[in-house]
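Here is a briefing for someone meeting this structure for the first time. Please look over the sequence and the model before reading on.

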Amino acid sequence: MKKIIILLAIVAAQTSVFAQGTWTVDKMHSSLKFTVTHLSVSDVDGVFGDFDATITTTKADFSDAKFTLTAKVASINTGVGMRDDDLKSDHFFNAAANPTLTFVSTGLTPTKPNHFKLSGNLTMHGVTKAVVFDLWYRGTIVNPMSKTNDAGFQIIGTVNRVDFGIASGYPDSMISTDVVIKADGEFKPVK
């Protein structure tokens, strides 16, 4: 029994060191997506292909994690070049004047095991607004290929594009005012 307690203490100590520090996104296994509804009948998806994200934490369960994300607006891709060009134009994001969008977390509130409300400031189109997303910490493992620690997260939420001055001339019946944001991230500790 004593050996089991010692073994558990060692594992717990290693796990507590497991997550501490700064983690950076593994872009090959991560994505930043959005969905809008077109003409109230069809969802249109897109991605920001060029983005960076980091997490800083002092706790093994990431319960005090600070998240930052930056994406290049010019990397927007919906699979239709003409639409992508329009989204980059001053009709929508105005990528020339507003080349990046950013998110910086301000708080993390647990809702159930491994699930949180992630509060932060989102800046798009030169406008910063407080937002709240749902965050799922999917766990931390040792990657069998790279032998490095990998942590997985999923963030889902909705933002109002008009609040950010994006395409405010288009009614909700043409392009949904609500935009669903979904980010899936695999993170590795910075060495």
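This is a predicted model: local features need pLDDT of at least 70, side-chain atom pairs count only at pLDDT 80 or more; totals for chains, interfaces and linings use all residues.

On the surface, Leu39, Val41 and Met174 form a nonpolar patch.

**Salt bridge Asp50 to Lys72**

- The side chains of Asp50 and Lys72 meet in a salt bridge, at 3.7 Å from N to O.
- Asp50 sits in the loop between β3 and β4 (51-57), and Lys72 in strand β5 (residues 66-72), so the pair ties together parts 22 residues apart in sequence.
- Asp50 counts as partly exposed because its relative accessibility is 29%.
- Lys72 is also partly exposed, at 46% relative accessibility.

**Salt bridge Asp134 to Lys117**

- Asp134 and Lys117 join their side chains in a salt bridge, with 2.4 Å from N to O.
- Asp134 belongs to strand β9 and Lys117 to strand β8 (residues 115-124), so this pair ties together parts 17 residues apart in sequence.
- Asp134 is partly exposed, with a relative accessible area of 38%.
- Lys117 counts as partly exposed at 34% relative accessibility.

**Salt bridge Lys188 to Asp150**

- A salt bridge links the side chains of Lys188 and Asp150, at 2.6 Å from N to O.
- Lys188 lies in strand β11 (residues 178-189) and Asp150 in strand β10 (residues 149-160), so the pair ties together parts 38 residues apart in sequence.
- Asp150 counts as buried because its relative accessibility is 4%, and the cut-off for buried is under 20%.

**A salt-bridge network**

- Arg138, Lys182 and Asp184 are linked in a network of salt bridges.

**More on Asp134**

- Strand β9, which holds Asp134, spans residues 127-142.
- Leaving aside neighbours within four places in sequence, Asp134 is in contact with Phe116, Lys117, Gln154, Ile155 and Ile156.
- The contact between the side chains of Asp134 and Lys117 also counts as a polar contact, at 2.4 Å.
- Asp134 and Leu108 are 26 residues apart along the chain, and their C-alpha atoms are separated by 9.8 Å.

**Asn98, a loop residue**

- Asn98 is placed in the loop between α2 (81-88) and β7 (100-112).
- Asn98 is buried, because its relative accessible area is 16% and buried means under 20%.
- Beyond its neighbours within four places in sequence, Asn98 is in contact with Val73, Phe93, His125 and Gly126.

**Surface patch**

- Leu39, Val41 and Met174 together have about 300 Å² of accessible area in their nonpolar patch.
- Val41 lies in the loop between β2 (31-38) and β3 (42-48).
- Val41 counts as exposed because its relative accessibility is 72%, and the cut-off for exposed is over 50%.

How values were computed
Residues are numbered from 1 along each chain as its sequence is written. Side-chain values use heavy atoms; hydrogens and water are left out. Patches are made of residues with over 30% relative accessible area and no salt bridge: like charges are joined within 9 Å, nonpolar side chains (Val, Leu, Ile, Met, Phe, Trp, Tyr) within 5 Å. Accessible areas come from the Shrake-Rupley method with a 1.4 Å probe; for residues, only the protein chains shown count as cover. A salt bridge is a side-chain nitrogen of Lys or Arg within 4 Å of a carboxyl oxygen of Asp or Glu. Helices (H or I, at least four residues) and strands (E, at least two) are DSSP runs, numbered from the N terminus. Buried means under 20% relative accessible area, exposed over 50%, partly exposed in between (1.4 Å probe, protein chains only). Contact means heavy atoms within 4.5 Å. A polar contact is a pair of N or O atoms within 3.5 Å; within protein, one must be able to donate a hydrogen and the other to accept it, and residues adjacent in sequence count only if both atoms are side-chain atoms.
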